[in-house]
Amino acid sequence: MQAAISIFSIFAVSMIQQNTPNELIGKVMAYTSAVTLCAQPVGQMVYGFLFDRFQEIVYLVLIPSGIVVCVIGLLAMGFFRKLEEKQGGAID
């Protein structure tokens, strides 16, 4: 999962840089990094709480998490496809 997130992160950062005006790249990238760095520990705390709460039935944490990740992936795919179409290219 971490490998997939790393690959997506590289793709997302390059898309952000391509679509941001040159004078705003520093500010936008700083904001993106700050949000990402703040979201990681919050996510780990939530998972820690949920795994403690549902020790005996861990699937109640994992299955909804997997569904949320898939939904976000599908939504992101549509977003990036529209973004590519605006730029004149197509995603295979």
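**Figure 1. Overall dimensions of the predicted chain.** The radius of gyration of the chain is 17 Å, whereas a compact globule of 92 residues would come near 12 Å. This is a predicted model. Along the principal axes, the C-alpha atoms occupy a box of roughly 50 × 30 × 20 Å.

**Figure 2. Helices α1 and α2 in a chain of three helices.** The fold holds three helices and zero strands. Read from the N terminus, the order is α-α-α. Helix α1 covers residues 2-19, and helix α2 covers residues 25-53.

**Figure 3. Confidence along the chain.** Mean pLDDT for the chain is 84. A value of 70 or more is reached by 92% of the residues. Among the elements, helix α2 has the highest mean, 89. Helix α1 has the lowest, 79. Where pLDDT is low, predicted coordinates should not be read in detail.

**Figure 4. Surface and burial.** Of the 92 residues in the chain, 11% are buried.

**Figure 5. Cysteines C38 and C70.** C38 has a relative accessible area of 53%. Exposed means over 50%, so C38 falls in that class. C70 is also exposed, at 51% relative accessibility. The disulfide count is zero, with a cut-off of 2.5 Å between cysteine sulfur atoms.

**Figure 6. Charged side chains.** The chain carries 5 positive and 6 negative side chains. The centres of these two sets are 8 Å apart.

Terms used
Residues are numbered from 1 along each chain as its sequence is written. This is a predicted model: local features need pLDDT of at least 70, side-chain atom pairs count only at pLDDT 80 or more; totals for chains, interfaces and linings use all residues. Side-chain values use heavy atoms; hydrogens and water are left out. Buried means under 20% relative accessible area, exposed over 50%, partly exposed in between (1.4 Å probe, protein chains only). pLDDT is the predictor's confidence in each residue, from 0 to 100. Helices (H or I, at least four residues) and strands (E, at least two) are DSSP runs, numbered from the N terminus. The radius of gyration is taken over C-alpha atoms; the globule rule is 2.2 Å times the number of residues to the power 0.38. Lys and Arg count as positive and Asp and Glu as negative; His and the chain ends are not counted. The place of a charge is taken as NZ of Lys, CZ of Arg, CG of Asp or CD of Glu.
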